[in-house]
Each structure stands twice: as structure tokens, then as C-alpha cells.
Amino acid sequence: MRRRCTWRIFQSIEYACEQDQIKLHNFFSYLMDHFTPSSSKERDFISRMFISGESLKEAELEKYCDYESLEVPESYTGPRLSFPLLPDHATALLEAFKQKQQLHARYVLNLLHETRKHLKQLPNISHVSTCYSEEVTVCGDLHGQLDDLFLIFYKNGLPSPSKSYVFNGDFVDRGKQSLEILIILFTFLLIYPKEVHLNRGNHEDHMVNLRYGFAKEVMQKYKVHGKKILKMVQNVFCWLPLATLIDQKVLVIHGGISDTTDLDMLEKIQRNKFISVLRGKKRKESNANVEIKEINGENKAESEPGEKEAALSLCPQPRPTQAPSMTNRLEFSRWVRQTVQEQIEWCRRLVDISESEDEELTYSSMVSLMDLDGPCWTRQEEWKQILDILWSDPMPQEGCKVNTVRGGGCYFGPDVTGKILEKYNLQFLIRSHECKQEGFEFCHNRKVLTIFSASNYYEIGSNRGAYVKLGPDLVPHFVQYQANKTAHTLTMTQRISRVEESAFRALREKLFAHTSALISAFKAYDTDNTGRITLSNWATAVESVLRLGLPWRMLRPQLVRSTADGMLEYKCWLDDLAMEQRSQEHIQSSLLEVIYRNRSNLETIFRIIDRDHSGLISFEEFHQTWKLFSSHMNIELTDDGINDLVRSIDFNKDGNIDFNEFLEAFRLVKQSQ
């Protein structure tokens with residue numbers, strides 16, 4: 001029971017973070033749709049900001065990532081690659097990475113170039129046969145955990161003509177050695193193209209990488225050429241196959257299926273169009289109103305002309321107060337920051353992504369991310385096919401419904417699985433995408449198998465990793481493992497206690513990050529203003545704020561001290577939470593709460609603005625971003641006014657804004673309110 005509760009905590013927090021990521025990009029997409037560039041410079045900036053990956057043509061990409069122009073110094077002692085690759089190159093790479101060596105940027109770019117050329121020749125659905133090898137090994141998510149890949153190769157053997165592998169997506173993010181995993185997998189792919197098969201996962205997506213660590217990892221390891229490497233990786237990801245069929249009987253996909261999954265359509269989709277499933281091109285102005293109504297479940301034919309105005313009047317746009325004199329720069333900057341914050345909050349409410357929203361994310365709101373310039377149904381259907389196979393999860397109930405927990409894809413039931421298997425004459429599905437305590441799990445009457453290969457994913461001892469081997473009889477044989485040596489030294493009791501402690505620490509951080517909302521929820525039950533509520537009301541209020549779907553009454557003893565009369569002094573309890581989280585005495589709890597709650601979104605926004613991945617936002621980047629945010633705000637500022645704002649954020653006066661300054665500026669906005 002303890003393990004089950006701990007697991008639900010980790011999983012609920014993880015999926016809530018994924019949902020935040022999709023909501024954040026809905027917000028940016030909304031702003032983009034209402035921004036009209038007034039100059040070629042602004043159009044240029046928008047192009048670089050959101051669709052630069054798609055705008056680079058073949059020749060431009062090769063010129064931009066010209067690996068031949070990079071010289072490898074004689075002092076370089078790492079592995080060297082020459083093409084075509086040989087098995088010795090792969091062995092050298094494995095040994096080098098075990099010794100913490102780094103592959104030179106020239107070889108990384110060359111490898112990515114060759115990988116991209118190879119992937120472009122592959123179909124959307126790869127076909128593997130057990131006739132040509134003794135067995136096929138399927139691995140699930142690795143998420144940058146190189147030790148797991150090393151252990152798989154140690155136990156199962158390296159890829160070879162008699163040892164076929166299918167790696168089922170999510171090679172990157174979260175772990176610290178994502179790039180090394182890509183390099184190894186791409187190397188084996190080129191050496192053994194008939195024996196090594198790679199499926200795309202939902203984390204093989206540039207916009208996801210901005211949040212979950214891979215983009216940051218690349219820039220830290222390759223400070224000079226990291227931008228080129230990221231651009232090439234981004235393009236390689238969109239060419240990864242979408243699925244693999246083993247003996248025409250076992251379908252291997254990363255996430256899952258839906259009641260509209262069509263393998264015939266999947267085979268024909270131009271998959272490289274979807275550089276990011278979360279990213280949409282700027283839509284035509286004529287479509288904007290239609291799609292806003294679609295988000296709200298309305299039909300254009302049934303809507304009256306004044307309905308939109310009426311709807312907007314329910315959420316009136318705040319009017320900026322009179323701007324103070326430019327002579328008082330401190331006061332003026334404070335006014336600008338506060339006005340921006342108010343307008344952004346209005347935009348968030350308008351597109352229904354505020355933290356207190358009541359409506360769940362729907363398919364129609366996700367479809368609004370799509371490019372509708374071409375035939376609408378074709379593009380939407382293609383996008384939905386890919387979204388479903390990358391993001392979906394199985395559920396025990398019959399039917400198919402939107403996956404509101406992750407914010408993307410769907411939940412599919414055993415009846416949906418049965419129909420797909422019957423339609424395409426399949427025996428069962430293999431998918432990944434979900435961490436499982438034992439590394440694998442069957443569901444839907446053993447017709448759906450989840451395989452997850454990253455051990456100790458949430459915490460040391462939290463889960464085993466596993467891979468599955470299929471012979472000609474297609475009977476699954478599992479191998480489980482723990483890649484961390486510490487996990488082997490812990491007793492079962494010690495392991496459970498360690499994982500449980502980590503889970504509740506993460507949960508207390510989450511609670512602290514929502515202090516203000518929790519106080520409001522508690523006060524609704526404290527009608528006499530006593531400062532006390534029942535423990536039952538505490539559980540109900542906490543779930544209404546966090547919406548994690550956790551059994552709060554069962555978790556209560558780990559979070560709240562028991563009292564004789566069954567009442568909780570909620571302000572004291574929140575003060576105790578604040579004491580645990582407060583890292584610096586001079587930061588007020590209310591400000592720290594805001595930072596805890598928004599840091600992931602802020603870092604993602606920072607990385608979107610920082611298009612050259614330098615770790616710094618230039619004044620020019622900030623200037624153009626201001627235009628984007630103010631496009632839907634009733635604020636008119638001169639260039640001098642914007643420059644004054646950016647200078648006030650540049651605390652160390654080095655002519656750039658780093659993330660700490662960006663975060664500090666956000667903190668000061670909240671402090672001035």
C-alpha cells in the first residue's frame with residue numbers, strides 16, 4: 001500500500017508537469033495568432049522563434065551545420081569517427097563514454113548528418129522479422145540514463161547481425177547523458193541498419209526538450225557548437241519512424257492508440273512536417289475566431305455575431321493605469337512590469353489556461369495548435385494520428401477519451417485495443433511511455449505490454465528497468481535490472497523508506513507552491529474565521545487546488561500532524577511548509593511560493609526567447625519579445641521605454657539578461673503588486 005501511494009505521488013506530479021508544458025504552448029500559440037508584425041525585422045524574429053526549424057531548407061541546413069569546416073586539434077584524445085562506420089567505432093565510443101570522454105563536435109555533426117540521410121530513406125513504419133535473427137529485443141524509455149543502456153548491452157549483447165534491437169522512443173531528457181545515448185544509438189543504427197530500429201517518442205520533440213533538460217545539456221557540453229548540434233538533432237528527430245511491426249504481428253509504438261488510429265494513414269504521413277507535435281504554425285487571421293469558438297465547444301453556424309464580444313466581456317481586459325513620468329525610471333519600470341503581468345494574466349484567463357481553471361484541456365483546444373492554411377481535415381487528422389501514438393495511455397475501462405492527465409493524446413480501453421488488433425490481424429501491442437515499478441506490465445488481457453527501461457527513474461530504488469525479447473514464437477521473455485549500485489545494497493524496507501521520503505518531499509514542495517490558493521480553499525470551509533478546519537475538509541480542499549487525483553485522506557498522516565479533536569490549524573501547517581522550503585532568509589515566503597510554482601514555465605519561456613541557446617537574452621531578443629507580449633495589450637511604449645525596461649532587468653549591466661536576472665525581474669513584479 002505504501003509503495004502504491006508513493007508511486008501515485010510521483011506519477012501525478014510528473015503528468016501535471018507535462019500538462020503544464022502543453023498549456024504553456026497553447027498560451028504562446030494564442031499570443032502568436034494575435035501578433036501582426038509591423039516590420040521585416042519583427043517577422044524575422046517570429047520566424048526564428050517558432051518556425052526556424054521548418055524554414056531551413058536542405059541546402060541551408062547542410063551549410064549551417066557544416067561539420068567539414070570544424071578542425072579537430074591534435075590535442076584531442078577522444079574517439080574519432082570515419083564513415084562508413086564500423087563495429088570498432090561503436091566499441092570505441094562505448095569505452096570513451098564509460099571514461100566520461102566527450103566526442104568532438106565535428107564527429108557529432110557528421111554522425112547526425114549521416115543519420116539524417118539514412119532516416120530519410122526509411123518508411124514511417126519499420127518492419128522487423130525474427131527469421132533473420134534469433135530474437136528481437138525491445139527497449140523502452142531510457143531518458144538520458146546511460147548506465148541503463150550499458151547494462152542492457154552487458155546483459156543482452158551489442159547489436160549485431162544476429163541481435164536485433166527496437167528502441168521505443170524517449171531516448172532523451174531528464175537524465176544527464178541524453179546526447180551520449182543518441183550518439184551510441186545512431187552509431188549502431190548506421191552500422192547495422194537492418195538490425196537496429198528507432199521509434200520516435202514524445203520527448204523526441206524540440207519544444208519538449210526546452211523544458212526537460214536535453215537542450216540545456218547540449219549547450220553545456222558544447223558551448224561553441226551546441227546551437228548547430230541542437231538544430232541538427234531537431235531535424236533528425238522529425239525523421240524518426242513512428243512505429244515498428246515485428247513479423248507483421250506485434251505493433252511497437254511509443255505511447256498508444258486511439259479509436260481513430262489508422263495504420264494506413266500513418267504509413268503515408270509526411271512525418272518530417274511535424275518537428276514538434278506541440279508546435280503550430282501561425283494561423284490565418286480569418287481562422288482565429290473560428291478556432292477560439294472551437295476551443296469553447298461552439299459551432300460557428302450556431303453563434304450570433306455578438307456572442308464573442310459577450311464572452312470577452314465576462315473576462316474584461318484590464319486597462320493600464322496612467323504611466324508615470326519617464327524621469328522616474330524606477331517607478332516607470334515598476335509600472336511597466338505590473339502592467340505586463342496584469343495583461344498576461346488576462347490573456348491566460350482568455351485562453352483558459354489559468355491555474356484555477358475549471359475546464360479540462362480538450363481535443364479541440366489541442367487541434368487549435370495546427371496549421372489550418374491547407375486542407376483542414378487532412379492536416380488535423382495527420383497531426384492527431386501522431387499525437388495519439390506518441391502521447392496516449394491505456395485504461396482499464398472501455399472506450400476512448402481525452403487524456404486530461406497528461407494534456408495530450410487519449411486514454412484507450414480494451415475494446416479499442418481489440419478492434420485495432422482485429423482490423424490489422426495483430427497479436428498484441430508493445431508500448432512504453434509510462435514508468436512501471438517492475439519495468440514492464442501487461443493490461444487489456446495481456447494484449448498491451450508496457451516496457452520501460454530507465455531504472456530508478458523517480459528515485460534510487462523506485463523501479464526496475466526491463467527489456468523484452470521476442471523469438472519466432474513471439475512469446476515475450478523479460479529481463480529486469482537495477483543499474484544503480486546503491487539500490488542493490490538497500491534492503492526492501494530501506495528502499496521503500498527512501499523512495500517514500502523523496503515522494504513526500506516533492507509533494508510538500510508542490511503544496512507549498514500553491515500556498516495562496518490553499519489558504520483561499522481552506523477559508524471557504526472556515527466560515528467562522530477560526531483558523532481551523534476538519535481534516536476531512538483539508539483533504540477535499542487540497543485536491544480542489546492541486547488536482548492530482550491522490551488519496552489525500554490516506555496520505556494525511558505523512559503530511560499533517562494528528563490532533564486530538566480532528567481539527568487542523570491550517571495557517572500553522574502552511575507556516576511549517578514554508579520553513580521547510582525557505583532557502584534564503586531574505587526571500588519572503590509569498591515570493592518563494594511564486595518562484596516554486598512558476599520556475600519550470602519561466603525557464604521554458606526563457607529558452608524559447610533565447611533562440612541562439614547562449615544562456616543569455618540579448619536586448620534585441622527581449623525588445624522583439626516585448627512586441628509579441630504587448631501585441632494583445634493596450635500598451636504603447638516608445639523604443640526608449642522598452643530599452644529602459646530591459647536595462648532595469650539587466651542587473652549586472654553586462655548588456656544581456658541571464659536566467660537569474662529574468663527570474664529576479666519576475667520576482668520583483670510580484671513584490672511590487
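Is Q177 buried or exposed, and what is its relative accessible area? Q177 is buried, at a relative accessible area of 19%; buried denotes under 20%, exposed over 50% and partly exposed the range in between, with a 1.4 Å probe and protein chains only.

The structure is a predicted model, in which local features need pLDDT of at least 70 and side-chain atom pairs count only at pLDDT 80 or more, while totals for chains, interfaces and linings use all residues. Residues are numbered from 1 along each chain as its sequence is written, and side-chain values use heavy atoms, with hydrogens and water left out.

**Overall architecture**

The protein contains 28 helices and 18 strands, taken as DSSP runs numbered from the N terminus (helices: H or I, at least four residues; strands: E, at least two). Of its 673 residues, 56% count as buried. Among contacts (heavy atoms within 4.5 Å) between residues at least 6 apart in sequence, 74% join residues at least 24 apart.

Q177 is situated in the loop between β3 (164–167) and α8 (178–191). Leaving aside residues up to four places away in sequence, Q177 touches K100, G144, L146, E217 and K221.

Two packed helices are described by the angle between their axes and the distance between the axes. For α8 and helix α10 (residues 214–221), the axes come within 9 Å and cross at roughly 90 degrees. The pair is therefore roughly perpendicular, a class that spans 65 to 115 degrees. Axes are lines fitted to C-alpha atoms, for helices over the stretch in contact, with angles from 0 to 180 degrees between N-to-C directions. The residues that meet are tabulated below.

| Helix | Residues in the contact |
|---|---|
| α8 | S178, L179, E180 and L182 |
| α10 | F214, E217, V218 and K221 |

By class, this contact has 4 nonpolar, 1 polar and 3 charged residues; Ala, Val, Leu, Ile, Met, Phe, Trp, Tyr, Cys and Pro count as nonpolar, Asp, Glu, Lys and Arg as charged, and the others, Gly among them, as polar.

**Helix α18**

In helix α18 (residues 414–423), V416, T417, I420 and L421 are buried. Viewed down the axis of α18, these buried residues fall within an arc of 130 degrees, so they line one face of the helix; the arc is that of the directions from the helix axis to the C-beta atoms. K419, E422 and K423 are exposed on the other side of α18. The cover over the buried residues includes β8 (400–402), β9 (410–412), β10 (428–431) and β12 (448–451). Just after α18, N425 adopts a positive phi of about 55 degrees.

How values were computed. Parallel < 35°, antiparallel > 145°, perpendicular 65-115°, else oblique.
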